[in-house]
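Student: I would like to learn how to read a structure of this kind, beginning with a helix and its surroundings. Could we look at it together?

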Amino acid sequence: MKKIIVSILALMCLSSLAFAGCAHEQPPAAQSGDILVAYFSNTGNTERIAETIAEETGGTLYEIVPETPYTAADLDYSDSGCRANREQNDPDARPAIAGEPENFDDCSTVFIGYPIWWGDAPRIVQTFLESHSFDGKTVYTFSTSGSSGGSGAYDGLRNNYTDINFAGNLHFTSSQLSGAQERVSGWLSDIGVR
Ligand SMILES: Cc1cc2nc3c(=O)[nH]c(=O)nc-3n(C[C@H](O)[C@H](O)[C@H](O)COP(=O)(O)O)c2cc1C
């Protein structure tokens, strides 16, 4: 009888060790302290998605604030000479950013959100990407637009910054914004960032 009990106990120990071993082999899920949710937004659409991602992940929200804020006239893209259009037409434009995210180096996962400007990410996103080292970090992007898709802008960033580990993009047109919470939740589950 004693032998049987000892054998059962030994088996229980072995199986719990095996379980611990398996658990250890899972890729570590990103911890909330490791997540930065950076975004650029002028009329609030991208900001709302950023807030949802930060709420769902417990990540730190950081707004990319231009040193010189965009006025309504700067954003009037029906005017071919407006500031936003001039910047998008100039591949070297890098609008300056005011301030820095705290503890950037400690983040392993960075979400970067932006509105689509003429099919691309605004130049200030390039300022942000070029101001930091993304070595060892995983980067996800999210974007909003009136009606255009987001894949052209995402591919543009991936092609321009081949050293950065871009791992996915989530895009919302204006008609998709009302169902944002559900899509964000589903996406975060799909990419395993929770
Ligand atoms: C300069 C400029 C260019 C834009 N270009 C496009 C575009 O190519 N396609 C589109 O669907 N929407 C375009 N939009 C609309 C914005 O992408 C859309 O309103 C976005 O949700 C704004 O995000 P925000 O509220 O976070 O600033 C443009 C807006 C601006 C100011």
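Student: What covers the buried residues of α4?

Tutor: Helices (H or I, at least four residues) and strands (E, at least two) are DSSP runs, numbered from the N terminus, and two residues are in contact if their C-beta atoms, placed from the backbone, lie within 7 Å. Here the cover of the buried residues of α4 includes β1 (35–39), β3 (65–66), α3, β4 (97–98) and β5 (109–115). This is a predicted model, in which local features need pLDDT of at least 70 and side-chain atom pairs count only at pLDDT 80 or more, while totals for chains, interfaces and linings use all residues. Residues are numbered from 1 along each chain as its sequence is written.

Student: Which residues of α4 are buried?

Tutor: A residue is buried if 20 or more other C-beta atoms, placed from the backbone, lie within 10 Å of its own, exposed if 12 or fewer, and partly exposed in between. In α4 the buried residues are R123, I124, V125, Q126, F128 and L129. Because 6 of the 8 residues of α4 (residues 123–130) are buried, this helix is largely enclosed by the rest of the structure.

Student: What is the order of the strands in the open sheet?

Tutor: Two strands pair if DSSP finds at least two bridges between them. The open sheet has 5 strands, paired in parallel in the order β2-β1-β5-β6-β7. At its edges stand β2 (60–63) and β7 (165–173), each with a single partner strand, so one side of each is left without a neighbour in the sheet.

Student: How many bridges join β5 to β6?

Tutor: These parallel strands are joined by 7 bridges, and Y114 has S143 in β6 as its bridge partner.
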